[in-house]
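Keep the structure open as you read.

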Amino acid sequence: VTITTRLLVSHLSGIRHYEKDITKVKEEKEKANRASKLIKPYQDKEQKEKEDKGIEKTDSVKPRKEHEGEVKSRNSKPGRRDKEFEQEEYYLKEKFESVIESLKIFKNDPLFFKPGSQFLYSTYGFTLLSAVVERVSGQKFTDYMLKMFRDLDMLSTVLDDNEAMIYNRARCYVYNKKGRLVNAPYVDNSYKWAGGGFLSSVGDLLKFGNALLYSYQAGQFKNTNGKLLPGYLKPATVAMMWTPVPKTEVSWDRDGKYAMAWAVVEKKQPCGCCRQQRHYASHTGGAVGASSVLLILPEELDSEAIGTGLVAPPRGVIVSIICNMQSVSLNSTALKIAREFDKEKWVQ
């Protein structure tokens, strides 16, 4: 078989996640699909009632497992343990000197399916992707990324290295079997830098979101007389990253599809009086003792305003939430916040 970087970045490679048993993975998917089919009629009825009353959708019913980045969080209710975190590889304590070295964890394991045929979120797929970056760039993946973060002025974004003294590093928490808060166990994330090994702040994630949004919109502002600096990425690159990929799915947002390292919801309104779906990109993140989300809601730019040069990118709403607790579902909260700010802006 052939595994391309595009398949890796969209989780279509067939490389396993933390669960090594393909049978268990299939069973979990089937359960999630059955639950989704059972609850959908109720969701549609609830949505219609709220629209009739002029009330915005609240996502109060969530039948599907929510995947917090690399975490499929069933429920954030205190004391309820997530089966995902029962996988022993979450708690590895071995330190790897390079991502090439960390490939030994899964490199001899069989693929779960033919690459390109199915979607399966895989942290190890991103470990392999980071190994490609390391080999092509000729430098350690961590050095490559830290330089990029410096370029973007993300000075609080660092490796989650246990030995390093990191200013303002938060302590992380989990619920034990009795439902009580306890300190998260010690882990070494050197086996998955790309899939959950960096520490950051809300401010830095907002800078990252703004850099992407600026790059995405920069190509639309052409009458700036050379005053507009180019984006960090080409507009076409971000547009490609935010284009849904066939055969993918997103368990934390039932309206979305997976793209390239982002979950994307496309603009859609099938008919008059139907719910209007806005275009946005998001991704959740989860690790032992922590949960996060970054959501980008681009503004629907008016061609006349762009032509007058009165507005400049980035234009839209970016929401970042970081929580030092494990298995907390944050995507729907971020979307509600983004919608409120977006609604307020149009009222003004």
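Is Arg16 buried or exposed? Arg16 counts as buried, because its relative accessibility is 2%; buried means under 20% relative accessible area, exposed over 50%, and partly exposed in between (1.4 Å probe, protein chains only).

## Ground rules

This is a predicted model, so local features need pLDDT of at least 70 and side-chain atom pairs count only at pLDDT 80 or more, while totals for chains, interfaces and linings use all residues. Residues are numbered from 1 along each chain as its sequence is written, and side-chain values use heavy atoms, with hydrogens and water left out.

## Arg16 and its two partners

Opposite charges on side chains can pair when the charged atoms come close. Here, a salt bridge is a side-chain nitrogen of Lys or Arg within 4 Å of a carboxyl oxygen of Asp or Glu, and the whole structure has 13 of them. One joins Glu89 and Arg16, at 2.9 Å from N to O. That pair links distant parts of the chain: Glu89 sits in the loop between E2 and H3, Arg16 in the loop between H1 and helix H2 (22–52), and 73 residues separate them. Helices (H or I, at least four residues) and strands (E, at least two) are DSSP runs, numbered from the N terminus.

Arg16 also forms a salt bridge with Asp109, and the closest N and O atoms there are 2.6 Å apart. Asp109 belongs to the loop between H3 and helix H4 (123–137) and Arg16 to the loop between H1 and H2, so this pair ties together parts 93 residues apart in sequence. Asp109 is partly exposed, with 31% relative accessibility.

## Around Glu89

Glu89 lies in the loop between strand E2 (71–73) and helix H3 (99–102), and it is buried at a relative accessible area of 6%. Leaving aside residues up to four places away in sequence, Glu89 touches Arg16, Tyr18, Lys20, Ile105, Tyr124 and Tyr191; contact means heavy atoms within 4.5 Å.

What joins the side chains of Glu89 and Tyr124? The answer is a polar contact of 2.6 Å. Such a contact is a pair of N or O atoms within 3.5 Å; within protein, one must be able to donate a hydrogen and the other to accept it, and residues adjacent in sequence count only if both atoms are side-chain atoms.

## A pair within H10

Lys343 and Glu340 form a salt bridge too, with 3.3 Å between the closest N and O atoms. Both lie in helix H10 (residues 331–347), three residues apart, or about one turn of the helix. An α-helix has 3.6 residues a turn, so residues three or four places apart point the same way. Lys343 is partly exposed at 39% relative accessibility, and Glu340 is partly exposed at 42%. Elsewhere, salt bridges that share partners join Arg16, Lys20, Glu89 and Asp109 into one network.

## Helix H7 and its cover

Among the buried residues of H7 are Asp204, Leu205, Tyr214 and Gln217. The cover over the buried residues of H7 includes helix H8 (235–241), strand E10 (290–298) and strand E11 (316–323).
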